[in-house]
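Let's take a walk through a protein chain together, one piece at a time. Keep the picture open beside you and follow along as we go.

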Amino acid sequence: MSTVTPSTQQPRNPQQHGGPRVRFSGVVRSEWIKTRSLRSTAWTFLLVLLLSVGIGVLLASLANPDGVSITGDAARNALVQMATSGTMVSALIVAVLGALVVTGEYGTGMIRSTFTAVPRRWEALAAKGFVLAVTVFVVTAVSTWATAFAVLPIADGRGVEASLDAGVAFPLLGTSVYLTLIALLAFGVGILLRSTAGAIATVLGVMLVAPVVVQLVQGFTDAAWLGTLNNLLPQNAGAPLMQFGTEDTSGWHDGVLALGGWSGFAVLTAWVVVTMAAALVTVEKRDA
Amino acid sequence: MIEIQNLTKRYGEKTAVEDVSFTVRPGVVTGFLGPNGAGKSTTMRAVVGLDTPTSGRALVDGRPYRELRDPLRRVGALLEAKAVHRSRSAYDHLHALAATHRIPKRRVDEVIGMTGLERVARKRVGGFSLGMGQRLGIAAALLGDPETLILDEPVNGLDPEGVLWVRQLARSLAAEGRAVFISSHLMSEMALTADRVVVMGRGRVLADTALQDLVASGTERSVSVRTPDPEGLRTAIAGPDVSIGYEQDGSLLVRGIGAEQIGEAAAASGVVLHQLASTEASLEQAYLALTHDEVEYRSEVAR
């Protein structure tokens with residue numbers, strides 16, 4: 001390492017502060033550089049792609065063992081199920097990623113560099129959330145559609161006669177929306193809790209444990225409102241986004257509210273908005 | 001330029017900084033001294049908006065840091081080594097910071113060159129030594145070519161060459177008219193680097209003065225004398241304020257009278273002197289005298 005005397009600097013005019021100011025586009029660019037310069041992000045996305053296609057193909061090659069030809073809505077529903085069968089696993093992965101993009105900065109001290117460069121913290125975090133949302137959406141769209149195209153000929157060979165029409169495309173698009181919202185929810189929790197372990201435990205608790213607990217209690221008490229509560233949990237609220245033909249079944253059934261694609265989207269979005277609002281208010285007040 | 005006005009910061013019950021006011025001026029290296037836990041880092045964190053003051057203000061160019069629209073172009077701060085994601089390369093770290101302010105890539109290369117990081121710029125920061133981490137922190141601070149620099153313990157972990165480099169860097173940045181605010185525990189280094197010093201203890205400012213004045217004020221001057229005739233000398237310089245101590249190496253340590261008077265008195269009485277030397281007042285002595293009662297965590301064997 002050589003020692004360099006810094007007197008080689010160009011002469012400056014001390015009065016001049018001619019440089020451009022911090023703009024949101026610049027902060028987004030900064031967050032994009034951060035995202036692509038971590039190898040773990042690329043590996044995570046590759047994992048999402050491989051698992052999605054792998055699970056879909058596996059399921060498709062086991063589908064319809066009788067070989068009796070399936071047509072119409074039943075076939076389209078089957079195709080959607082195959083193409084989105086890896087979503088549960090993908091959701092866990094993007095949730096961990098969403099938490100990590102911010103808790104990783106808290107853990108390493110990077111957050112102090114971030115907030116020193118962009119002292120309006122909401123701006124730094126909004127840019128980070130934006131880049132997270134776009135990358136997760138694009139990657140999961142690629143993985144979902146790749147799965148659909150991989151599954152299509154296999155399903156066709158096993159007698160499931162469906163094509164990628166609008167009715168099928170909608171839940172496939174919904175899958176990417178769902179995964180993007182889950183990543184943002186985890187991101188908000190990550191901002192609130194700051195620790196990687198705490199954030200991941202909380203998010204996985206909400207996604208995996210909470211529905212089981214609510215269902216168990218409902219099983220004992222038989223209270224209908226618990227069924228509604230269960231359907232409003234993020235994981236379950238988002239589920240109709242990636243199911244075929246949910247609008248027909250949504251509404252109240254025996255005192256339990258079932259969500260459709262749009263209402264599920266609204267509820268999951270509300271979870272994200274409330275969590276992010278709490279996170280942004282907290283982060284502005286808190287010492288970094 | 002940094003102005004700190006009646007800054008108080010409490011963390012729950014604990015008061016880290018209490019009613020602190022001072023100014024870091026352009027064209028000057030301001031040293032920031034104080035024992036561990038004195039509130040130096042808290043003060044610096046308040047300046048760059050990471051900690052919100054309980055009361056009072058910390059202003060940069062007249063405004064609170066969090067209101068600055070282009071903070072990296074006004075203040076460069078090295079607050080702690082490795083405020084960096086460990087899995088990212090030094091270049092990508094600097095590039096990401098630069099992007100927020102549209103600082104061009106060539107400036108990233110420039111600060112990498114200035115801090116001597118060329119060979120490791122593409123390596124993951126997680127593998128960096130403490131010294132390389134410090135150089136990266138300094139590179140980040142220089143990125144926006146700012147008018148004010150805040151360096152918290154910049155020589156921590158640097159080799160002697162690096163320590164010299166930081167000293168020259170701080171001096172040249174101040175010579176260019178920038179305000180340089182630098183904390184360190186290395187008194188000898190600070191004595192060579194700083195023009196002014198702010199000394200803190202237990203959250204308060206103990207001194208805010210020119211370096212020379214602090215050094216002069218803090219120490220009782222003494223003169224080391226060697227003579228084959230100690231009794232003769234004692235008689236020659238005797239006086240109400242004069243005290244003479246016998247050191248283990250056989251020399252005398254005289255207080256209360258200057259070297260010139262001792263020499264003249266010895267000559268007048270015909271006492272032979274082998275050595276006559278004023279002991280240099282040091283920043284370290286002045287600092288220790290000033291902070292003696294303010295050290296929060298004193299080791300039993302200290303001093």
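**A walk through chain B**

Gly201(B) stands opposite Arg204(B), a residue of strand β10(B). Please keep in mind along the way that this is a predicted model. The two strands that meet here are β9, covering residues 196–201 of chain B, and β10(B); they pair in the antiparallel sense over six bridges.

Now widen your view. In chain B, six strands make up an open sheet in the order β6-β7-β8-β3-β9-β10, and the pairing in this sheet is mixed. Its edge strands are β6 (75–78) and β10 (204–210) of chain B, each of which pairs on one side only. If you look from strand to strand, neighbours in this sheet are turned against each other by 15 degrees on average, with direction ignored.

Next, look for the helices that go with these strands. Helix α1 of chain B, residues 40–47, lies across β3 (29–33), β7, β8 (179–183) and β9 of chain B. Relative to β7(B), helix α1 runs at about 145 degrees. Helix α6 of chain B, made of residues 160–175, packs on the sheet as well, where it touches β3, β7 and β8 of chain B. The direction of helix α6 makes about 155 degrees with that of β8(B).

Let's zoom in on a single residue. Pro146(B) sits in the loop that links α5 (130–142) to β7 (148–152) in chain B. Is Pro146(B) buried or exposed? A residue counts as buried when 20 or more other C-beta atoms lie within 10 Å of its own. Pro146(B) has 23 C-beta neighbours inside 10 Å, so it is buried. Which residues does Pro146(B) contact, leaving aside its neighbours within four places in sequence? They are Leu72(B), Arg73(B), Arg74(B), Val75(B) and Gly76(B).

Finally, step back to see how the chain is divided. Chain B has a domain 1 (2–217) and a domain 2 (220–278). Taken over C-alpha atoms, the centres of these two domains of chain B are separated by 46 Å.

Strands β12 (residues 243–246) and β13 (residues 252–255) of chain B pair in the antiparallel sense over four bridges. Here Ile244(B) stands opposite Val254(B) in β13(B). The two strands form a hairpin with five residues between them, and Gly250(B) in the turn has a positive phi of about 95 degrees.

Methods. Residues are numbered from 1 along each chain as its sequence is written. Chains are lettered from A and ligands numbered from 1 in the order in which they are written. This is a predicted model: local features need pLDDT of at least 70, side-chain atom pairs count only at pLDDT 80 or more; totals for chains, interfaces and linings use all residues. A residue is buried if 20 or more other C-beta atoms lie within 10 Å of its own, exposed if 12 or fewer, and partly exposed in between; C-beta atoms are placed from the backbone. Two residues are in contact if their C-beta atoms, placed from the backbone, lie within 7 Å. Two strands pair if DSSP finds at least two bridges between them. Axes are lines fitted to C-alpha atoms, for helices over the stretch in contact, and angles run from 0 to 180 degrees between N-to-C directions. Domain bounds come from an automatic or database domain assignment.
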